[in-house]
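Please keep the model open while reading.

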Amino acid sequence: MKYRVDCDPFPVLLIDLDDGESIMCQRGGMSWMSTNLRLQTTTGGFDKAISKMLTRESMFQNIYTSVGGSGEIAFGTTQPGMILPIQISATNSIVAQKSSYMASELGVELSLFFQKRIRAGFFGGEGFIMQKFTGHGMLFIEIDGSVVEYTLAQGESKLVNTGSLAAMEASCSISIESVKGIGNKLFSGEGFFHTRVSGPGKIWLQTMPINVLARAISAHSVGTN
């Protein structure tokens, strides 16, 4: 399998499959493809179907296989942003925001990730449930806006605004800190809580969380009416 990402700032993921190779994606994710690709729709089992539903993914996934030669398939984004390719392995599992999954090789497994601290789950911006990707193979996720990558050392942390954490290596941890001062809470526009992400491991921060974009569009619409 070979892949490339083209057409920024509205990117498309283009994947070249050899004869017999397959790629898995979310339901309705295919934009265009070669005529020799064959489709199989699956839930992957009841447990996986429930996991996907709780993370706002479709209960169904599509598997496309190239038959009788090589073929190409394309996946477009669902909002302005970036496509982030990550190699998943036994030593590299990823935790990502809900609805970030785009496509993956068949060896990548999606499961629920529950925050160990309930407070972090409810106030950290991504809710109590996130997605965890394990196994082996290439994973492609959607990022809102652009992405900035940091590698945090053991004990090193960053304070992140709500919704800006797109993904992190599973070795990282999350906690929630209250914004100090009632005036800061009420008038700073930064909300009541910040998310502290601690290393060791990589984190990926997104510059335009979809909820921020939605508020901006809503405010513009109200202002022009």
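1. A term first: buried means under 20% relative accessible area, exposed means over 50%, and partly exposed is in between (1.4 Å probe, protein chains only). At 35% relative accessibility, Arg 4 therefore counts as partly exposed.

2. On the source: this is a predicted model, in which local features need pLDDT of at least 70 and side-chain atom pairs count only at pLDDT 80 or more, while totals for chains, interfaces and linings use all residues. Residues are numbered from 1 along each chain as its sequence is written, and side-chain values use heavy atoms, with hydrogens and water left out.

3. The overall make-up comes next. The protein has 4 helices and 19 strands; helices (H or I, at least four residues) and strands (E, at least two) are DSSP runs, numbered from the N terminus. Of its 225 residues, 43% count as buried. The protein exposes about 11400 Å², and carbon and sulfur atoms supply 57% of that area; accessible areas come from the Shrake-Rupley method with a 1.4 Å probe, and for residues only the protein chains shown count as cover.

4. Contact means heavy atoms within 4.5 Å. Among contacts between residues at least 6 apart in sequence, 77% join residues at least 24 apart.

5. Side chains of opposite charge can pair when their charged atoms come close. A salt bridge here is a side-chain nitrogen of Lys or Arg within 4 Å of a carboxyl oxygen of Asp or Glu. How many salt bridges does the structure hold? The structure holds 4.

6. Arg 4 takes part in a salt bridge with Asp 16, where the closest N and O atoms are 3.6 Å apart. Asp 16 lies in strand 2 (residues 12-17) and Arg 4 in strand 1 (residues 2-6), so this pair ties together parts that are 12 residues apart in sequence. Asp 16 is partly exposed, at 30% relative accessibility.

7. Arg 4 also meets Glu 72 in a salt bridge (3.5 Å, N to O). Because Glu 72 lies in strand 7 (residues 71-76) and Arg 4 in strand 1, the pair ties together parts that are 68 residues apart in sequence. Glu 72 is partly exposed, with a relative accessible area of 22%. A network of salt bridges links Arg 4, Asp 6, Asp 16 and Glu 72.

8. Elsewhere, Lys 202 forms a salt bridge with Glu 149, with the closest N and O atoms 3.7 Å apart. Lys 202 lies in strand 19 (residues 201-206) and Glu 149 in strand 14 (residues 147-152), so the pair ties together parts that are 53 residues apart in sequence. Lys 202 has a relative accessible area of 31% and is partly exposed; Glu 149, at 44%, is partly exposed as well.

9. Leaving aside residues up to four places away in sequence, Glu 169 touches Asn 92, Ser 93, Ile 94, Gly 201, Lys 202 and Trp 204.

10. Last, the backbone. Most residues other than glycine have a negative phi, and most peptide bonds are trans. The peptide bond from Gly 199 to Pro 200 is cis, with omega near 20 degrees, and Pro 200 lies in the loop between strand 18 (193-198) and strand 19. Ser 99 is not a glycine, although its phi is positive, about 65 degrees. Ser 99 sits in the loop between strand 9 (94-96) and strand 10 (101-104).
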